[in-house]
Amino acid sequence: MAVRSEKLTFVGSQGDLLAGRFDLPEGPPIATILFAHCFTCSKDTFAAARIAGALAQSGFAVLRFDFTGLGSSDGEFANTTFSSNVDDLVAASDHLRMKYSAPAILVGHSLGGAAVLAATSRVPEVKAVCTIGAPDDPSHVRHLFAASTEEIAITGEAEVALAGRTFTIRRAFLEDVAAVRLASSIAQLRRPLLLFHSPIDEIVGIDCAGSIYAAAKHPKSFVAIDGADHLLTHREDAVFVSGVIAA
């Protein structure tokens, strides 16, 4: 099936213009999917682009966008928190509802997976939720910059290196992730949950998948992505994930 990709923008939770890409099938879409990328990533990472494109080929419309301060979106990453990411997801859902159709499925990769779990209750049209390599607690990301947490606590912020780039992490971010109680959101999803995780994920351990699965009510499904890395950098892993979601 032929796929076309359109650029779009919408106003995020902090009033900044956020950049998105809407991947569309040739004919009327089966449903609309909203995709949330991983921590400090963008809508154009391999996993996001490959999964969105494959889902569009299967007949779905997929919006992937850059969270505030990342990728092509405006705003300052240093001013964002996990909660503001959740708010950005709700803003993206509102835009889809107004301009196209509200998302029926939320898909999130890594911390984006935690964000869609937290956002689901605020998007009434959502019929199913999917996470890929998601942590069971957003504070899990602290281990990525553990050496700087003391400096952040004392001075209010620190420059940290993540995936070869430098980001400013502020105390507000740490306080926000510490305050989130994701288990409660998971238990109250009231939607089918499809949970993907690699048994050899070195960034977000497989134990996180076990915790999410245990907290969720039925219907729920766990799918192991055998041999995959956290970012799904191998094409076959991204294709596998998109195929199961489409099915």
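Mentor: Helix 1 and helix 8 are oblique to each other. Angles under 35 degrees count as roughly parallel, over 145 as roughly antiparallel, 65 to 115 as roughly perpendicular and the rest as oblique.

Trainee: What am I looking at before I use such words?

Mentor: This is a predicted model, in which local features need pLDDT of at least 70, side-chain atom pairs count only at pLDDT 80 or more, and totals for chains, interfaces and linings use all residues. Residues are numbered from 1 along each chain as its sequence is written, and side-chain values use heavy atoms, with hydrogens and water left out. Helices (H or I, at least four residues) and strands (E, at least two) are DSSP runs, numbered from the N terminus.

Trainee: At what angle do helix 1 and helix 8 pack, and how far apart are their axes?

Mentor: Two packed helices are described by the angle between their axes and the distance between the axes. Here helix 1 (residues 46-57) and helix 8 (residues 235-246) make an angle of about 40°, and their axes are 9 Å apart. Axes are lines fitted to C-alpha atoms, for helices over the stretch in contact, and angles run from 0 to 180 degrees between N-to-C directions. The crossing of helix 1 with helix 8 is right-handed. A crossing is right-handed if the near helix is turned clockwise from the far one by less than a right angle, and left-handed if anticlockwise.

Trainee: Which residues make the contact?

Mentor: Contact means heavy atoms within 4.5 Å. Helix 1 brings Phe46, Arg50, Ile51, Ala54 and Leu55. Helix 8 brings Arg235, Ala238, Val239, Val241, Ser242, Ile245 and Ala246. By class, that makes 9 nonpolar, 1 polar and 2 charged residues. Ala, Val, Leu, Ile, Met, Phe, Trp, Tyr, Cys and Pro count as nonpolar, Asp, Glu, Lys and Arg as charged, and the others, Gly among them, as polar.

Trainee: Now the sheet. In what order do the strands run?

Mentor: Start from pairing: two strands pair if DSSP finds at least two bridges between them. In this model 8 strands form an open sheet in the order 1-2-4-3-5-6-9-10, with mixed pairing. Strand 1 (3-11) and strand 10 are the edges, each pairing on one side only. Neighbouring strands are turned by 20° against each other on average, direction ignored. Strand 1 and strand 2 (residues 17-25) run antiparallel, joined by 9 bridges. Lysine 7 has arginine 21 of strand 2 as its bridge partner.

Trainee: Which strands does helix 2 touch?

Mentor: Helix 2 packs on the sheet against strand 1, strand 2, strand 3 and strand 4, and its direction makes about 115° with that of strand 1. Helix 8 also packs on the sheet, touching strand 5, strand 6, strand 9 (193-197) and strand 10. Its direction makes about 170° with that of strand 9.

Trainee: Is strand 5 buried or exposed?

Mentor: Buried means under 20% relative accessible area, exposed over 50%, partly exposed in between (1.4 Å probe, protein chains only). In strand 5 (residues 105-109), 5 of the 5 residues are buried, so the strand is largely enclosed by the rest of the structure. Ile105, Val107 and His109 cover one side, Leu106 and Gly108 the other. Strand 3 (residues 32-36) pairs with strand 5 in the parallel sense over 4 bridges, and leucine 34 stands opposite leucine 106. Strand 6 (residues 128-132) also pairs parallel with strand 5, over 5 bridges. There, histidine 109 faces isoleucine 132.

Trainee: How many residues of helix 3 are buried?

Mentor: In helix 3 (residues 111-119), 9 of the 9 are buried, so helix 3 too is largely enclosed by the rest of the structure. Among them are Leu111, Val116 and Leu117.

Trainee: Which peptide bond is cis?

Mentor: The bond from histidine 218 to proline 219 is cis, with omega near 5°. Proline 219 is in the loop between helix 7 (206-215) and strand 10 (220-224).
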